[in-house]
Amino acid sequence: MTSKIFRSTVFVAVVVLLCSLGIVMGVLYNHFTGVQVAQLKDELSLAVTGTEQYGDAFLENVEVDRFRVTWIGADGTVLFDSRVDESTMENHADREEIREAFETGAGSAVRNSSTLTEQTYYEARRLTDGTVLRISANQASAWALMMDLLWPIILIAMLAIGLSLILARRMAKNIVEPMNKLDLEHPLSNNTYDELSPLLRRINQQHLQIDAQMRKLRRKTDEFIQITSHMQEGLVVLDKETHIRSINTAAMRIFRAEETCVGSSFFQVNRSNALRQALNDALDRGHGSVIQELEGRIYRFDMSSIQSDGNLLGAVILVVDVTEAQNAEQTRREFSANVSHELKTPLQGIIGSAELLESGMVKAEDTPRFVGHIRKEASRLVNLIEDIIRLSQLDEGVELPTEAVDMLAMAEDVKEILAPSAAEKQVSISVSGAGFTVMGVRRMLQEIVYNLCDNAIKYNVPGGSVAIHVENNRLVVCDTGIGIPAEHKDRIFERFYRVDKSHSKASGGTGLGLSIVKHAVAYHNAEIALESAPGKGTTMTIRF
């Protein structure tokens, strides 16, 4: 403030000083110039009169120090000069004042010296004999007068600067001190300059606006925190230096981070090169994405830059758990591949046998065997298609009509159906228990019992047994078969999964039986438990 007031004061003082000096110098210089010219003319009139009467004798007897008198002949030759020997002077016919005097009778001229510090004024008049008498005088120029006044001007300027500094300090103190005491938190309570009242009212309005905006911002911040804290997806907001500005609960759980990570670099939370590259892509090109596994789960990281008015402010990271989707996609691909393989195998057998029969290469006595092979593979194909259709229906969750089903009677029916295959495998099958009733889909319940018992027979040993026990809302199927190794127990309910593929092919299984059981059990809100060991048989328990 002091420096601004000082500069303004000095500027005003200097401008006033220069303007005053210029005006005074101009007025005085013009005045004295007019006096000088008038005096020259008067002196010239006297010299003309004397020269007209007495000739050069008058001029030779005149003693003048301030003026110079020159007499020029009609041809421009200098006849007399009061200061210089006329014989050494050049012809003056081309001089402005001489030429003008020859033409009009009188002439005037002003010429500057080579240093611009002096001016010479000339007045000339034509005499009656055709000659010209000229008188001249020197006068200091305005520039010379200015240089003569240089030191006084400098002294005055220094005085003005000193006074300006003193006045500026005093004025700034008087102005600033009340302003420093202003209470900007309560602008309208100040008692100060009237000129500041509009400013204080404006500040008060801005306070009110800022308070309203702060309340609105806090409300939106609270809403944002409430929304993001309940999100299942992880959300991380970063600045352009990749420092964490906000992180929700889900993201802290995913990254195993604490709330203290806010303000630190994101790469202190996760040092993955893949995430670093995706984040750099988001900051450079606007978007980045990567799928990565963390703590046994698969996540998709979608990253987008945050910009305002074309300026990069940071980035936001959205973390979505895609484990189920990835597993489902993997299951779908495996299912498609297995279905293709399982359908292709019996079809190749059918086509091969049919081509041999068509070509006549099969002997008459071997024809029944090839026809039987075609029938067997066709039946296997039909069973596979029916199992796939049933699985599709279970996947779609179609509502089916339910009824009360006696599970003990259901077990007896399945026993009768599987009796021939059990006898062929030399396996005994028995049913026991008090029985119970289930409200469910009869066909699905039958498939549960049928598939469990069918597997128990197929994977049994000659002389083995299958026991079906139905009691207390439990269906238990226990066999004395080959058993299931521990590493396969978690996967036997997957579609087309087989523990012993060679045995499964020999037994004609489709690999979908236990998968159908799993879905049918889930459809009836029941639970299935497995107990098995290699060489010690398997026990399947369904709790309704």
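Two strands count as paired here if DSSP finds at least two bridges between them, and the strands themselves are DSSP runs of E, at least two residues long, while helices are runs of H or I of at least four, all numbered from the N terminus. Thanks for coming, everyone. The model we are looking at is predicted, so to speak of local features we need pLDDT of at least 70, side-chain atom pairs count only at pLDDT 80 or more, and totals for chains, interfaces and linings use all residues. Residues are numbered from 1 along each chain as its sequence is written, and side-chain values use heavy atoms, with hydrogens and water left out.

Let me start with the sheet. Five strands make an open, antiparallel sheet in the order β7-β6-β10-β9-β8. The edges belong to β7 and to β8 (287-294); each has a single partner strand, so one side of each has no neighbour in the sheet. On average, neighbouring strands are turned by 20° against each other, direction ignored; the axes behind such angles are lines fitted to C-alpha atoms, for helices over the stretch in contact, and angles run from 0 to 180 degrees between N-to-C directions.

Now please find β6, residues 234-239. Five of its six residues are buried, so the strand is largely enclosed by the rest of the structure. Buried means under 20% relative accessible area, exposed means over 50%, and partly exposed is in between, with a 1.4 Å probe and protein chains only. On one side, six antiparallel bridges link β6 to β10 (residues 311-321), with valine 237 opposite valine 316. Three antiparallel bridges link β6 to β7 (residues 244-247), and there leucine 238 faces isoleucine 244. β6 and β7 form a hairpin with four residues between them, and threonine 242 in the turn has a positive phi of about 65°.

Over at β8, eight bridges join that strand to β9 (residues 297-308), again antiparallel. Which residue of β9 is the bridge partner of glutamine 292? That is tyrosine 299. Lying across β6, β8, β9 and β10 is helix α8 (residues 273-285), which runs at about 165° to β8.

On to the cores. A nonpolar core is a set of buried Ala, Val, Leu, Ile, Met, Phe, Trp, Tyr and Cys residues joined through side-chain atoms within 4.5 Å. The largest has 36 residues, and Met407, Ile448, Leu452, Ile468 and Leu475 have the most contacts inside it. Helix α12 gives the most to this core, with eight residues. Methionine 407 touches, among others, Phe436, Leu445, Val470 and Phe544, leaving out residues up to four places away in sequence; contact means heavy atoms within 4.5 Å. A second, separate core of 26 residues includes Leu275, Ala278, Tyr299 and Met303.

In helix α3 (residues 96-104), the buried residues are Glu97, Ile98 and Ala101. They cover an arc of only 105° around the axis, so they sit on the same side of α3; the arc is that of the directions from the helix axis to the C-beta atoms. The face turned away from that buried side carries the exposed Glu103 and Thr104, and just after α3, glycine 105 takes a positive phi of about 105°.

Last, serine 136 in strand β5 (residues 132-140). Is serine 136 buried or exposed? At 6% relative accessibility, serine 136 counts as buried. Neighbours within four places in sequence aside, its contacts include Leu40, Arg66, Phe67 and Tyr121.
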